[in-house]
Amino acid sequence: TRQEPRSSDEGREAVQEEKNEKKNIGEPVRPRKKIRVRIPAFKHRKLILVLTATGLVVLSYIAFAVLPSAQATIITKKEPWSFNKNLTIDAAISKIDSVNLKVPGQLFSARKVVVEKYLATGKRLVERKSQGTLTIYNAYSSQPQGLVASTRFVTPAGLVYRIASSIIVPGARIEAGQIVPSSITVLVTGDKAGPDFNTGPVARLSIPGFSGSPKFQGFYGELKEGTTGGYVGEAVVPTEVDIGKAKAESLKAVEVAVRTQLKNQVPEEFTIDQSPAKLTVVRQIVDGSTDAEGRFSVSTEADLSVMAFKQADAEQLLSEKVLAEKGGDYQLTSRELQYGPVKTELVSKTTALLPVQYTAEVAHAIDLAALKEQMKGQSEEELRQTIFALPGIESAHIALWPFWVRSVPQSE
């Protein structure tokens, strides 16, 4: 084979590649040395000694100043005391009277009217007269005019209505020489029972009793809304049983209403009696006429007076009484107060009796501040002697902690 000679361009490229290869060949890379700082041995030991000493100081402080504690749990002997008598609630005093067993009271009263409807179950033939409101005018003179009960008023159609009671029609006013009529409104009833007297508005009703006199034109009536209620026939009516039941239910309803009213007006700190004995029925009216649903109405008006007191006053009085009997070195450890209905029928209008059941436990009082001061620095045996020297001690448990502590710390 024969090798072809290189061209001039190829020769130049070969020379350039050889030069580049020579450039890439350099000195070998040597690793860098790490620099270490050495601490002298004597300084290292000194640092350890300082840290150790500091730790021992801290631990010693914690062991002898922070951790030590003393605890004494003391149980005193309890003595029962009870009171089962009456306290007097007196509205005339302003502070408790421990000697006479009186607490301040306040009388609260409320009155309420309740109108309720009840279903009627009876039936019978009834005759009812129509009724309406009549306006009577005086266009005659400035003088008042009296009309007796049952005075008749007649419509243009001849229907007669009568007033229920005697009245006086006020005098007319005279202004600029002219009469300005006065008026009065009254209840009128149809002269006979039945629907014929149920009428619409009537502009003018005359008074037959004034016929033939000038007053006949000066006095007249007006039915602005007509009359209703006239009826003859069978109707639903309440029986005696219906009425009795309705009265009882109405009484309960008015009691609830009046007690609710009282509760809203009595301040929260007062306790009021819940006995129903004080409820007084002022009046109870039964309207036997029934509506379209066959219901009749009962109106009950009642008032309620209650003597209120503060339970805190009763508790304070009894607490003072037990401590006065036991002596000043005693204290209450527990107490319970229960009371019954207030009795007002046995005393005056401003006082009432309150039956009370009061039970309590008392024990010798311990001056804890003085005891803590006395305990400081005492050994366990000294502490035990100090505690059991107190009056009325039933048992005690003493604990010093941790185990190396031999006396009570000075800090409370």
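Predicted model: local features only at pLDDT ≥ 70, side-chain atom pairs only at ≥ 80, totals over all residues.
Local features were taken only where pLDDT is at least 70, and side-chain atom pairs only at pLDDT 80 or more, whereas totals for chains, interfaces and linings use all residues. Residues are numbered from 1 along each chain as its sequence is written, and side-chain values rest on heavy atoms, with hydrogens and water left out.

The protein contains 7 helices and 21 strands, these elements being DSSP runs (H or I of at least four residues for helices, E of at least two for strands) numbered from the N terminus. Of its 412 residues, 31% are buried, where buried denotes a relative accessible area under 20%, exposed one over 50%, and partly exposed a value in between (1.4 Å probe, protein chains only). Among contacts (heavy atoms within 4.5 Å) with a separation of 6 or more, 74% are between residues 24 or more positions apart.

In soluble globular proteins, nonpolar side chains tend to be buried together. A nonpolar core is here a set of buried Ala, Val, Leu, Ile, Met, Phe, Trp, Tyr and Cys residues joined through side-chain atoms within 4.5 Å. The largest such core comprises 22 residues, and Phe83, Leu87, Leu318, Val356 and Tyr358 have the most contacts inside it. At least two residues of this core come from each of β2 (79–83), β3 (86–90), β18 (295–309), α5 (311–326), β19 (330–339) and β20 (351–364), with β20 giving the most, namely 6 residues. When neighbours within four places in sequence are set aside, Val356 is in contact with Phe83, Asn84, Lys85, Leu87, Leu318, Leu337, Gln338 and Tyr339. A second, separate core has 18 residues, including Leu134, Tyr161, Ile163 and Ile207.

The largest pocket has a volume of about 370 Å³, taken as the space filled by probe spheres set on grid points that are joined across faces, edges and corners. Its lining consists of 19 residues, of which Ala72, Leu368, Leu371, Lys372 and Met375 lie nearest the centre. The elements β1 (69–76), β19 and α6 (368–375) each supply at least two lining residues, and the largest share, 5 residues, comes from β1. By class, this lining holds 9 nonpolar, 7 polar and 3 charged residues, with Ala, Val, Leu, Ile, Met, Phe, Trp, Tyr, Cys and Pro counted as nonpolar, Asp, Glu, Lys and Arg as charged, and the others, Gly among them, as polar.

The whole structure holds 13 salt bridges, each defined by a side-chain nitrogen of Lys or Arg within 4 Å of a carboxyl oxygen of Asp or Glu. One of them pairs Asp90 with Lys102, the closest N and O atoms being 3.6 Å apart; because Asp90 lies in strand β3 and Lys102 in strand β4 (residues 102–119), this pair ties together parts 12 residues apart in sequence. Asp90 is buried, at 7% relative accessible area, while Lys102 is partly exposed, at 26%. Within helix α5, Glu325 and Lys321 stand 4 residues apart, about one turn of the helix, and form a salt bridge with a closest N and O separation of 3.4 Å. A further bridge joins the side chains of Glu373 and Lys376 (3.2 Å, N to O). Salt bridges with shared partners also link Arg111, Arg283, Glu301 and Asp303 into one network.

Conventions
1 Å grid on protein atoms, 1.4 Å probe; cavity = no way out; pocket = protein on both sides within 12 Å on 5 of 7 lines; lining within 4 Å.
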